[in-house]
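Please keep the sequence and the structure in view while reading.

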Amino acid sequence: ETDVVLEESSGIGEIGHVVSHLNLGLAVVWVILWIGLTSGTKSIGYLNYVTMSLPPFVLVIMFFRAVTLDGAIIGIRELFIPDLSKVMNIEVWSAAFSQCFFSLSIGIGVMTTYSSFNEPSDPNIVKNAVIVTLANSFFSNISAVGLFSFIGHISKTEGIPFDDVVAGGPGLTFEVYPLVFQQLPASNFFSFIFFAMLVCLGVSSAVSMVEPLATVLVHRTRNRTFMLRFFGCHVVVRASRFLV
């Protein structure tokens, strides 16, 4: 369960303890980020070739498997048939817009940073923006249909209401998908590539969040070596927490 993995404290009043395996994973991620940012956009491009190649492949496979399961239509209906009573609920619209901004990394400096490496006269900026937006929406819907189909399948086979299958958050990843993979041939293989996909997506997101700061440091100091030392120290600090 997620409680066993995360070892969360009971609340802000309890300091808790250092979770060694989480700190080790955090240190490894920072090492990858440090390596990936050494040459700016060139190394980021190479890193994205690795981290962004696997997810579309996995999502498409899971989509076609999910929609063929018994009870998949239950989940698809839950996804696409709206609850009109909540149309005027401002929290629903706020959550929807927040997800759009988060999914496209808008408003946190990522797009501004990446666009700063383009030529001012680049004629493909608008076209690239449209492609990124449409591709993001397409794969988001593919992922949603697959996930809701799996939940619908579990709801029917287990005989429990759809809303009671699983709560939101990490439970969707660590409770639903392990049950899903049991329905697939070569379940161990699909489990491995799915969680490898999550690692790839996490690293890709982490790179995009760190690059704005790295770019500012480079432009202000005119010295990428300074930036590398800065992140090198950060990696050492993160790794030392694991050794405590």
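In this predicted model, phenylalanine 190 has a relative accessible area of 16%; that value is under 20%, so the residue counts as buried. Phenylalanine 190 belongs to helix H10, which covers residues 187–221.

**Surroundings of phenylalanine 190**
- Leaving aside residues up to four places away in sequence, phenylalanine 190 touches Ile61, Phe181, Leu184 and Pro185.
- Isoleucine 61 lies 129 residues from phenylalanine 190 along the chain, yet their C-alpha atoms are separated by 9.5 Å.

**Helix H8**
- Helix H8 runs over residues 125–158 and contains 34 residues.
- From its first C-alpha to its last, H8 reaches 49 Å, close to the 50 Å expected at 1.5 Å a residue.
- The buried residues of H8 include Ile142, Val145, Phe150 and Ile154.
- Glycine 159 follows H8 and has a positive phi, near 70°.

**Packing of H4 and H8**
- Two packed helices are described by the angle between their axes and the distance between the axes.
- The axes of H4 (residues 54–66) and H8 come within 8 Å and cross at roughly 40°.
- H4 and H8 are therefore oblique to each other, and H4 passes H8 in a left-handed crossing.
- On the H4 side, the contact is made by Pro56, Leu59, Met62, Phe63 and Ala66; on the H8 side, by Phe139, Ile142, Ser143, Val145, Gly146, Ser149 and Phe150.
- By class, this contact has nine nonpolar and three polar residues, with no charged residues.

Methods:
Residues are numbered from 1 along each chain as its sequence is written. This is a predicted model: local features need pLDDT of at least 70, side-chain atom pairs count only at pLDDT 80 or more; totals for chains, interfaces and linings use all residues. Side-chain values use heavy atoms; hydrogens and water are left out. Helices (H or I, at least four residues) and strands (E, at least two) are DSSP runs, numbered from the N terminus. The expected span of a helix is 1.5 Å times one less than its number of residues. Buried means under 20% relative accessible area, exposed over 50%, partly exposed in between (1.4 Å probe, protein chains only). Axes are lines fitted to C-alpha atoms, for helices over the stretch in contact, and angles run from 0 to 180 degrees between N-to-C directions. Angles under 35 degrees count as roughly parallel, over 145 as roughly antiparallel, 65 to 115 as roughly perpendicular and the rest as oblique. A crossing is left-handed if the near helix is turned anticlockwise from the far one by less than a right angle, and right-handed if clockwise. Contact means heavy atoms within 4.5 Å. Ala, Val, Leu, Ile, Met, Phe, Trp, Tyr, Cys and Pro count as nonpolar, Asp, Glu, Lys and Arg as charged, and the others, Gly among them, as polar.
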